[in-house]
Amino acid sequence: MWFKSATNNGNANGQRRAAPSILSEGFRVEGDIACAGEVHVGGVLSGNLTAGKVTVVESGSINGSVEAETAVINGSLSGRLTAVNVVL
């Protein structure tokens, strides 16, 4: 009973939406990242990022290419951006 799951606790298929992966402020990554879901960048990424949705907050910085279905860029991006939906 502690972890009882509801019959429809997410999208129309009855699956839960995964929480976004977060690179918080003060976090630095050197290398490429690939994720099927959502990634929030508040720290520094030196490398390429491929994800379903990418959000770069004001404190975030990416030095590399970004490929995503949706990209929300409020921080710094030095590189190529390829996305279907873009919010700057």
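**Salt bridges, strands and confidence**

The side chains of Arg28 and Glu30 form a salt bridge, with 3.4 Å from N to O. A salt bridge here is a side-chain nitrogen of Lys or Arg within 4 Å of a carboxyl oxygen of Asp or Glu. Side chains of opposite charge can pair when their charged atoms come close. Arg28 is exposed, at 51% relative accessibility, and Glu30 is exposed at 62%; buried means under 20% relative accessible area, exposed over 50%, and partly exposed in between, with a 1.4 Å probe and protein chains only.

This is a predicted model, in which local features need pLDDT of at least 70 and side-chain atom pairs count only at pLDDT 80 or more, while totals for chains, interfaces and linings use all residues. Residues are numbered from 1 along each chain as its sequence is written, and side-chain values use heavy atoms, with hydrogens and water left out.

The whole structure holds two salt bridges. Besides Arg28 with Glu30, there is one between the side chains of Arg80 and Glu67, at 3.2 Å from N to O. This pair links distant parts of the chain, 13 residues apart: Arg80 is in the loop between strand 9 (76–78) and strand 10 (81–87), and Glu67 is in strand 8 (residues 66–73). Strands (E, at least two residues) are DSSP runs, numbered from the N terminus. Glu67 is partly exposed, at 35% relative accessibility.

Arg80 also takes part in the surroundings of Ser65, which is in contact with Gly47, Asn48, Leu49 and Arg80 when neighbours within four places in sequence are left aside. Contact means heavy atoms within 4.5 Å. Ser65 lies in the loop between strand 7 and strand 8 and counts as buried, at 16% relative accessibility.

How much of strand 8 is buried? Six of its eight residues are, so strand 8 is largely enclosed by the rest of the structure. Strand 8 pairs with strand 6 (residues 49–56) in the parallel sense over seven bridges; two strands pair if DSSP finds at least two bridges between them. Within this pairing, Thr50 has Glu67 as its bridge partner, and Thr55 stands opposite Val72. Strand 8 also runs parallel to strand 10, joined to it by six bridges, and here Val72 stands opposite Val87.

Strand 3 (residues 33–34) pairs with strand 6 over two bridges, with Ile33 opposite Leu49. Strand 4 pairs with strand 6 over four bridges, again in the parallel sense.

Glu38 lies in strand 4 (residues 38–41) and stands opposite Lys53 in strand 6. Is Glu38 buried or exposed? Its relative accessible area is 17%, so Glu38 is buried. Its side chain makes a polar contact with the side chain of His40, at 2.7 Å. A polar contact is a pair of N or O atoms within 3.5 Å; within protein, one must be able to donate a hydrogen and the other to accept it, and residues adjacent in sequence count only if both atoms are side-chain atoms. Neighbours within four places in sequence aside, Glu38 is in contact with Arg17, Pro20, Ser21, Lys53 and Thr55.

A separate set of four strands forms an open sheet in the order 2-5-7-9, with parallel pairing. Strand 2 and strand 9 stand at the edges with a single partner strand each, so one side of each has no neighbour in the sheet. Neighbouring strands of this sheet are turned by 5° against each other on average, direction ignored; the axes are lines fitted to C-alpha atoms, and angles run from 0 to 180 degrees between N-to-C directions. Strand 5 (residues 44–46) and strand 7 (residues 61–63) pair over three bridges, and Leu45 stands opposite Ile62.

Gly26 is in the loop between strand 1 (21–23) and strand 2 (28–30). Gly26 is exposed, with a relative accessible area of 80%. Its C-alpha atom is separated by 7.8 Å from that of Gly42, 16 residues apart along the chain.

Confidence comes last. The chain has a mean pLDDT of 89, and 83% of its residues reach 70 or more; pLDDT is the predictor's confidence in each residue, from 0 to 100. Over residues 5–9 pLDDT stays under 50, and the model has four contacts beyond four places in sequence for them. Where pLDDT is low, the predicted coordinates should not be read in detail.
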